[in-house]
Amino acid sequence: MSKVIQVLETMASNASLVSEEDINTFLTTAEINTEQQQAITAKNVEQLAETIADLPKIIAHIQVLPAEDDEPIEDDQENDQENDNSASSKLLASSF
Amino acid sequence: MTGSLVCVGTGITLGAHISPIATSHIEQADIVFSLMANGFAQKWLEEMNADVRTLQGFYQAGKNRNITYNEMVETILTQVREGKKVVAAFYGHPGVFACVSHRAINKAKTEDLAASMEPGISAEDCLYADLGIDPGKTGCSHYETSQFMFYKRNIDTSAHLILWQVVLAGDKSLAKFSTGSAYREVLIDLLLEHYPSDHQVILYQAKGIAIDSMRAEYISLTELIDAELFMHTTLVIPPCTKMQPNAKVLARLAEIDKQEKRANNVPVLSLVL
């Protein structure tokens with residue numbers, strides 16, 4: 001595993017890495033370069049991203065639609081009642 | 001060989017939120033399809049399995065997301081039909097505000113293919129922890145923002161109102177990654193029918209990686225128009241009114257209490273041998 005990703009994973013999952021002092025001690029033993037150490041210490045996500053050459057790009061991550069199908073939403077006031085009745089079948093079923 | 005699909009959630013914060021069973025599914029899968037919220041999480045996932053395929057390529061500005069989601073589902077199911085052990089890994093919870101996993105599982109089941117879901121820690125879970133909101137205290141309603149705008153809702157101002165994907169407020173095209181201030185103005189006007197203009201609302205973002213900061217920015221409702229919003233920004237609207245007692249229901253319950261009390265006051269007869 002990439003050392004810097006491993007560091008992020010450890011920082012997020014090790015309860016002993018809470019104080020700044022503990023994190024700094026951990027970072028000195030982690031096998032990451034100085035630039036990455038500085039970015040992590042400064043909590044600078046953009047700077048850290050720049051140190052990883054092959055970091056995958058994320059375009060979007062949205063996964064929900066306002067309605068289940070792509071039919072246009074009726075604007076006609078006269079169709080309000082009909083819309084009210086059909087709305088439940090159009091709504092996206094999302095579980096909590 | 002029979003194919004299978006498991007949709008798993010990787011949680012919101014890289015490394016902190018994934019469950020042991022989700023990790024195991026990812027590690028043992030023939031193919032892992034992924035939709036992660038940041039490059040770090042994608043890279044982390046790619047190091048858990050030798051064949052991780054991102055679904056990012058299906059997203060395109062100007063393309064109807066309904067088509068995008070159907071293409072993602074077909075791509076996932078094609079491999080299941082070929083007999084592969086497939087995992088679809090989504091950030092957060094795979095079934096919360098996430099239609100791809102629901103569609104894929106439903107379709108797989110109609111084709112008699114094995115399909116299931118493993119939960120993950122969602123942004124909603126993080127929100128309750130970070131903002132100190134207990135949904136059981138006054139109640140809580142959640143809506144996708146555009147859905148909230150398109151359909152008539154009974155807004156309960158004595159409960160929390162949480163609007164997801166506020167960056168896409170009012171997008172009927174389903175083809176944008178953000179909408180502008182004119183769209184937001186419609187949302188604000190809708191909310192102003194129920195909330196005062198100076199009502200404090202919260203822009204919330206959970207942290208994606210350990211060094212991220214959680215965002216909990218308090219602004220007035222009208223300031224929303226110029227606020228900096230991202231895909232993962234959630235609008236939290238705290239209650240502005242107190243819960244009103246339902247006198248009719250309370251009276252009925254009091255009557256039942258009275259009857260029960262009367263019944264309990266009847267002397268207990270015991271059989272003495």
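**View 1. B:N64 in a loop of chain B.** In this predicted model, B:N64 sits in the loop that runs between β3 (52-54) and α3 (65-81) of chain B. A polar atom of the B:N64 side chain lies 2.7 Å from the backbone nitrogen of B:N66. The view also takes in B:W164. B:N64 and B:W164 are 100 residues apart along the chain. Their C-alpha atoms are separated by 19 Å.

**View 2. B:Q165, a non-glycine residue with positive phi.** B:Q165 belongs to the loop between β7 (160-164) and α8 (181-192) of chain B. Its phi is positive, about 60 degrees, although B:Q165 is not a glycine. Most residues other than glycine have a negative phi. Is B:Q165 buried or exposed? The relative accessible area of B:Q165 is 8%. The cut-off for buried is under 20%, so B:Q165 counts as buried. Among the residues that touch B:Q165 is B:T233, the subject of the next view.

**View 3. Contacts of B:T233.** B:T233 is part of the loop between β9 (215-220) and β10 (234-237) of chain B. The relative accessibility of B:T233 is 0%, and the residue counts as buried. Which side chain does the side chain of B:T233 meet in a polar contact? The partner is the side chain of B:Q205, at 2.8 Å. The B:T233 side chain also reaches the backbone nitrogen of B:F230, at 2.8 Å. Leaving aside residues up to four places away in sequence, B:T233 touches B:Q165, B:V166, B:L203, B:Y204, B:Q205 and B:R215.

**View 4. A nonpolar surface patch on chain B.** B:V249, B:L250, B:L253 and B:I256 form this patch. Together they have about 330 Å² of accessible area. B:L253 is placed in helix α9 (residues 247-264) of chain B. The relative accessible area of B:L253 is 43%, which makes this residue partly exposed. An α-helix has 3.6 residues a turn, so residues three or four places apart point the same way.

**View 5. Helix α1 of chain A and its buried face.** Helix α1 of chain A spans residues 3-13. Its buried residues are A:V4, A:I5, A:V7, A:L8 and A:M11.

**View 6. A:K43 in the loop between α3 and α4.** A:K43 is located in the loop that joins α3 and α4 of chain A. This residue has a positive phi of about 50 degrees, yet A:K43 is not a glycine. A:K43 is exposed, with a relative accessible area of 53%. B:Q165 also has a positive phi, but B:Q165 is buried.

**View 7. Chain A as a whole.** Chain A has five helices and zero strands. From the N terminus on, its elements run α-α-α-α-α. Of its 96 residues, 36% are buried. The accessible surface of chain A is about 5,900 Å². Carbon and sulfur atoms account for 45% of that surface.

Note on methods
Residues are numbered from 1 along each chain as its sequence is written. Chains are lettered from A and ligands numbered from 1 in the order in which they are written. This is a predicted model: local features need pLDDT of at least 70, side-chain atom pairs count only at pLDDT 80 or more; totals for chains, interfaces and linings use all residues. Side-chain values use heavy atoms; hydrogens and water are left out. Buried means under 20% relative accessible area, exposed over 50%, partly exposed in between (1.4 Å probe, protein chains only). Helices (H or I, at least four residues) and strands (E, at least two) are DSSP runs, numbered from the N terminus. A polar contact is a pair of N or O atoms within 3.5 Å; within protein, one must be able to donate a hydrogen and the other to accept it, and residues adjacent in sequence count only if both atoms are side-chain atoms. Patches are made of residues with over 30% relative accessible area and no salt bridge: like charges are joined within 9 Å, nonpolar side chains (Val, Leu, Ile, Met, Phe, Trp, Tyr) within 5 Å. Accessible areas come from the Shrake-Rupley method with a 1.4 Å probe; for residues, only the protein chains shown count as cover. A salt bridge is a side-chain nitrogen of Lys or Arg within 4 Å of a carboxyl oxygen of Asp or Glu. Contact means heavy atoms within 4.5 Å.
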